[in-house]
Amino acid sequence: PYDSEMYVHRIGRTGRAGKTGIAISLVIPSNKRKLERIEAYTKQKVSRATLPSEEDILSYRDTKLLEQISVWIRRGRCGREREMVQELVSAGHELLDISAIALKLSRAEEKKRPIAPIGAVHEYSPKNTRRLDKRGRMGKSFEHTRISRKKSSGRTGNFREKGMVPIILNTGRTDGLRANHVMGTISHHADIPGNSLGKISIHKDHTLVDVPKEFVGQILAKTGSYRFGKQTINVERA
């Protein structure tokens, strides 16, 4: 989620009405700063997990199957099945073979997905680091870095990229709005890639954003849903 408060709201769904649950967050390098804001907002660190290997997954599946078998052994309610096994033994089949084939047939009902190859996880060490303020917000240095990157990629400047349409937001610099807030709320609510947005010009009381023309209708349809903190943001064509 683009907003720390929304993140807390979402993970709270795992433990409602006195229940417990685990929320797993997948963090890519570009989300590292969002994670830092969330940790500052919640005043606690998000514990890091390790991706399971193929061997770990197979071992887990085997353990679950053995647990189920142990339960049925304790129940002792397999009378007809025991008779079937005895018939097979009497026919000259090995008990170990019968057991292995029975497990094989049982696993066929599991319908487990194949395990995709898992690559190595590479550490991410950003060159531009900064401290968060007491409210967990990004400092000005990050805003300057983001704008500089956009200029270098040709996404900012005094011209409009081909295929882009300007939209206007009724909030701006005096409200503490930053480029990352604009990208986050639009991409989240309109369900479009944040990196598809073009030039973002933040003024005192409004903000202009260039968006791909194929997403204009989709973005405008969600006006009133966009939020910056507790403030509702209205969006219209400029």
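Entry: I checked the backbone of D191 and noted a positive phi, near 60°, in a residue other than glycine.

I moved on to S196, which sits in the loop between α7 (179-190) and β2 (200-202). S196 has a relative accessible area of 15%; buried means under 20%, so I list S196 as buried. What does S196 touch, apart from its neighbours within four places in sequence? I found contacts with M164, P212 and F215. I also noted a polar atom of the S196 side chain at 2.6 Å from the backbone oxygen of P193.

**Entry: α1 and α2.** I looked at how helix α1 (residues 4-11) packs with helix α2 (residues 32-42), and read an angle of about 75° with the axes 9 Å apart. Angles of 65 to 115 degrees count as roughly perpendicular, so I record α1 as roughly perpendicular to α2. On the α1 side, the contact is made by S4, E5, Y7 and V8. On the α2 side, I listed R37, I38, Y41 and T42.

**Entry: K43.** I placed K43 in the loop between α2 and α3 (54-75). K43 is not a glycine, yet I read a positive phi of about 60° for it. Its relative accessibility is 73%, and K43 counts as exposed.

**Entry: the whole protein.** I counted through the elements and have eight helices and six strands. From the N terminus on, I wrote the order down as α-α-α-α-α-α-β-α-β-β-α-β-β-β. Of the 238 residues, 24% are buried. I noted an accessible surface of about 17500 Å², with 53% of it belonging to carbon and sulfur atoms. Among contacts between residues at least 6 apart in sequence, 67% join residues at least 24 apart.

**Entry: confidence.** I read an average pLDDT of 78 for the protein, with 80% of the residues scoring at least 70. Over residues 128-158 the pLDDT is below 50, and I noted 50 contacts in the model for this stretch beyond near neighbours in sequence. Where pLDDT is low, predicted coordinates should not be read in detail.

Definitions and conventions
Residues numbered from 1 in each chain as written. Heavy atoms only, no water. Helix = DSSP H or I, 4+ residues; strand = E, 2+ residues; numbered from the N terminus. Buried < 20%, exposed > 50% of the residue type's maximum accessible area, 1.4 Å probe, protein only. Polar contact = N/O pair within 3.5 Å; in protein donor to acceptor, adjacent residues only side chain to side chain. Contact = heavy atoms within 4.5 Å. pLDDT = per-residue confidence, 0-100. Areas by Shrake-Rupley, 256 points an atom, 1.4 Å probe, with all protein chains shown as cover. Axes fitted to C-alpha atoms, helices over the stretch in contact; angles between N-to-C directions. Parallel < 35°, antiparallel > 145°, perpendicular 65-115°, else oblique.
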